[in-house]
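Please keep the sequence and the model open while reading.

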Amino acid sequence: MMPDRAVAAEGKNSLRVRAGIIESVWRPGSFVDVEDARDAMLAVERISGGIPMPMLSEMSDVEITAAARYEFARTTGVLAIAVLGSNAVDRVIAAAMSRHTHYPHAFFTSRSAAMIWLTDVTSLEPRGQ
């Protein structure tokens, strides 16, 4: 049985699955390095049972190293990521993260818009690969 909640990166990141979407929330003011990113991706694997799922990632006021951004981009554990932020700096960080992804990736300041996008984009993804 998969856990319904997980904590990663020494408590900076909390995850849960709701309505088939992984919700990842990073504590505002966090500094995320490559080890934090790796730990978060392991938590994604645990909470999803190794089955790629869409993800909503709340990353308001979070600083992410280049190595951590690259690590996040390498993940195979997600179908798509909607990054939820609150300002222009968050948008720039999200854009930098999307450069190397192989999955759909978009930035939003509205949770409802992010959820609609995730539902739409993942409904186009072939299942059972």
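Which elements each supply at least two residues of the lining of the second largest pocket? They are α1 (34-48) and α2 (66-74). The model is a predicted one.

## The second largest pocket

The volume of this pocket is about 210 Å³. Its lining consists of R38, M41, L42, V44, E45, S48, G50, E71, R74, T75, T76 and G77. Helix α1 provides the largest share, 6 residues.

By class, the lining of the second largest pocket is made up of 5 polar, 4 charged and 3 nonpolar residues.

## T75 in the pocket lining

T75 is one of the residues that line the second largest pocket. T75 sits in the loop between α2 and β7. Is T75 buried or exposed? T75 is buried, because its relative accessible area is 10%, under the 20% cut-off.

Which residues does T75 contact, leaving aside neighbours within four places in sequence? They are M41, H102 and Y103. M41 also belongs to the lining of the second largest pocket.

## The nonpolar cores

The largest nonpolar core has 25 residues. Those touching the most other members are L15, W26, V32, V44, M59, I64 and F72. Six elements are involved with at least two residues each: β1 (5-8), β3 (21-26), α1, β5 (53-58), α2 and β7 (78-84). Helix α1 gives the most to this core, with 6 residues.

A second core is separate and has 10 residues. Among them are I21, A80, F108 and V121.

## Aromatic pairs

How many aromatic pairs does the structure hold? There are 2. W26 and F72 make up an edge-to-face pair. Their ring centres are 6.0 Å apart, with 75° between the planes. The angle is over 60 degrees, so the pair counts as edge-to-face. This pair links distant parts of the chain. W26 lies in strand β3 and F72 in helix α2, 46 residues apart. W26 counts as buried because its relative accessibility is 2%. F72 is buried too, with a relative accessible area of 6%.

F108 and W117 form a tilted pair. F108 counts as buried at 15% relative accessibility. W117 has a relative accessible area of 22%, so W117 is partly exposed. The cut-off for buried is under 20%.

## The cavities

The structure contains 2 cavities of 30 Å³ or more. The largest cavity holds about 100 Å³ of space. Its lining has 14 residues, and M41, M55, S57, F72 and I81 are the closest to its centre. The elements giving two or more residues to this lining are β2 (13-18), β3, α1, β5 and β7. Helix α1 gives the most, with 3 residues.

What is the class make-up of the lining of the largest cavity? It divides into 11 nonpolar and 3 polar residues, with no charged residues. The lining of the second largest pocket, by contrast, has 4 charged residues.

## Where the features meet

How values were computed
Residues numbered from 1 in each chain as written. Predicted model: local features only at pLDDT ≥ 70, side-chain atom pairs only at ≥ 80, totals over all residues. Heavy atoms only, no water. 1 Å grid on protein atoms, 1.4 Å probe; cavity = no way out; pocket = protein on both sides within 12 Å on 5 of 7 lines; lining within 4 Å. Points joined across faces, edges and corners; volume = space filled by probe spheres on them. Helix = DSSP H or I, 4+ residues; strand = E, 2+ residues; numbered from the N terminus. Nonpolar A, V, L, I, M, F, W, Y, C, P; charged D, E, K, R; others polar. Core = buried A, V, L, I, M, F, W, Y, C linked by side-chain atoms within 4.5 Å. Buried < 20%, exposed > 50% of the residue type's maximum accessible area, 1.4 Å probe, protein only. Phe/Tyr/Trp six-rings, centres within 6.5 Å; stacked < 30°, edge-to-face > 60°. Contact = heavy atoms within 4.5 Å.
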